[in-house]
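Please have a look at the model on the screen, and then I'll walk you through it.

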Amino acid sequence: MARLILINGAPGSGKSTLAEALAGRTALTLALDVDQIKHALGRWDEDRTVSGLQARRLALALAREHLLSGHDVVIGQYLARTEFIEALEELARSQGASFCEFLLVLDSPSLEKRLGGRAEAPSRPEHSVHNKSVGPADAERLVESMASLRSKRPSATCIDATGSLTETLESIISLLD
């Protein structure tokens, strides 16, 4: 059975890196990055809301096709509201796939440190874009947004992401196996 795996967490928590690493473990598993789709849209930054919604629609279509072929899809995305999560969950159900929802949990000081490190030395191309709108001073607000989401998505599996990315990946893998 194909799986749609969502790795949700605040910016700087390692979602995209973890999604890519998890996808790399199995042939033809798709690491689907909604932000990359958004940034591929012409003049996306002129209306971030419209481009973000369009990127999500495209991501759902791509995920649907990949699940139909019997392959897993892994999405690493910061989602503080439930609408897109619910759309992903419904997509998995409609395609006969399982839906695995993970929420990366960090405390404010840990997230602040990671966002500071990302600002000083971006390790992914999208960091230069994200660093303009999210920084260390946003850590507390981001942690609170994830805590609020936890109350709305009690079935999500919380993962302690304060350790290394390798440790966090191992935690996710052990839960999936």
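I'll start with the ground rules, then go through the sheet, the helices, the core and a few loop residues.

This is a predicted model, so local features need pLDDT of at least 70 and side-chain atom pairs count only at pLDDT 80 or more, while totals for chains, interfaces and linings use all residues. Residues are numbered from 1 along each chain as its sequence is written, and side-chain values use heavy atoms, with hydrogens and water left out.

Let's begin with the sheet. In what order do the strands of the open sheet come? There are five of them, in the order β2-β3-β1-β4-β5, with parallel pairing. Two strands are taken to pair if DSSP finds at least two bridges between them. At the edges stand β2 (30–32) and β5, each with a single partner strand, so one side of each has no neighbour in the sheet. Neighbouring strands are turned by 25° against each other on average, direction ignored. For angles in general, axes are lines fitted to C-alpha atoms, for helices over the stretch in contact, and the values run from 0 to 180 degrees between N-to-C directions.

Now some of the pairings themselves. Strand β1 (residues 3–8) and strand β4 (residues 98–105) run parallel and are joined by six bridges. Within that pair, Ile7 has Phe102 of β4 as its bridge partner. On to β5 (residues 157–160), which pairs with β4 in the parallel sense over four bridges. Here Val105 is bridged to Asp160 in β5, and Leu103 stands opposite Cys158 in β5.

Next, the helices. Helix α3 (residues 48–68) lies across β1, β2 and β3 (73–77), and runs at about 170° to β2.

Helix α8 (residues 165–176) has 12 residues and spans 16 Å from its first C-alpha to its last, close to the 16 Å expected at 1.5 Å a residue. That expected span is 1.5 Å times one less than the number of residues. Which residues of α8 are buried? They are Thr168, Leu169, Ile172, Ile173 and Leu176. They cover an arc of only 135° around the axis, which puts them on the same side of α8. The arc is that of the directions from the helix axis to the C-beta atoms. As for accessibility, buried means under 20% relative accessible area, exposed over 50%, and partly exposed in between, with a 1.4 Å probe and protein chains only. On the other side of α8, Thr166 and Ser174 are exposed. The buried residues of α8 pack against β1, α1 (15–23), β4 and β5, where contact means heavy atoms within 4.5 Å.

Helix α7 (residues 139–152) has 14 residues and reaches 20 Å between its first and last C-alpha, close to the 20 Å expected. Its buried residues are Ala139, Leu142, Ser145, Met146 and Leu149. Seen down the axis of α7, they fall within an arc of 125°, so they line one face of the helix. The face turned away from that buried side carries the exposed residues Glu140 and Ser151.

Now the core. A nonpolar core is a set of buried Ala, Val, Leu, Ile, Met, Phe, Trp, Tyr and Cys residues joined through side-chain atoms within 4.5 Å. The largest one has 45 residues, and those touching the most other members are Leu4, Ile5, Ile7, Leu22, Ile75 and Ile172. Leaving out residues up to four places away in sequence, the contacts of Ile75 include Leu4, Ile7, Ala19, Leu32 and Leu88.

Last, the loops. Leu28 sits between α1 and β2, and has a positive phi of about 65° although it is not a glycine. Is Leu28 buried or exposed? Its relative accessibility is 57%, so Leu28 counts as exposed. Thr29 is found in the loop between α1 and β2, but is buried, with a relative accessible area of 15%. Beyond its neighbours within four places in sequence, Thr29 is in contact with Ala23, His66, Asp72 and Val74.

His71, in the loop between α3 and β3, is partly exposed at 22% relative accessibility. Its C-alpha is separated by 7.7 Å from that of Leu30, 41 residues apart along the chain.

That's my tour, and I'm happy to go back to any part of it.

Key. Helices (H or I, at least four residues) and strands (E, at least two) are DSSP runs, numbered from the N terminus.
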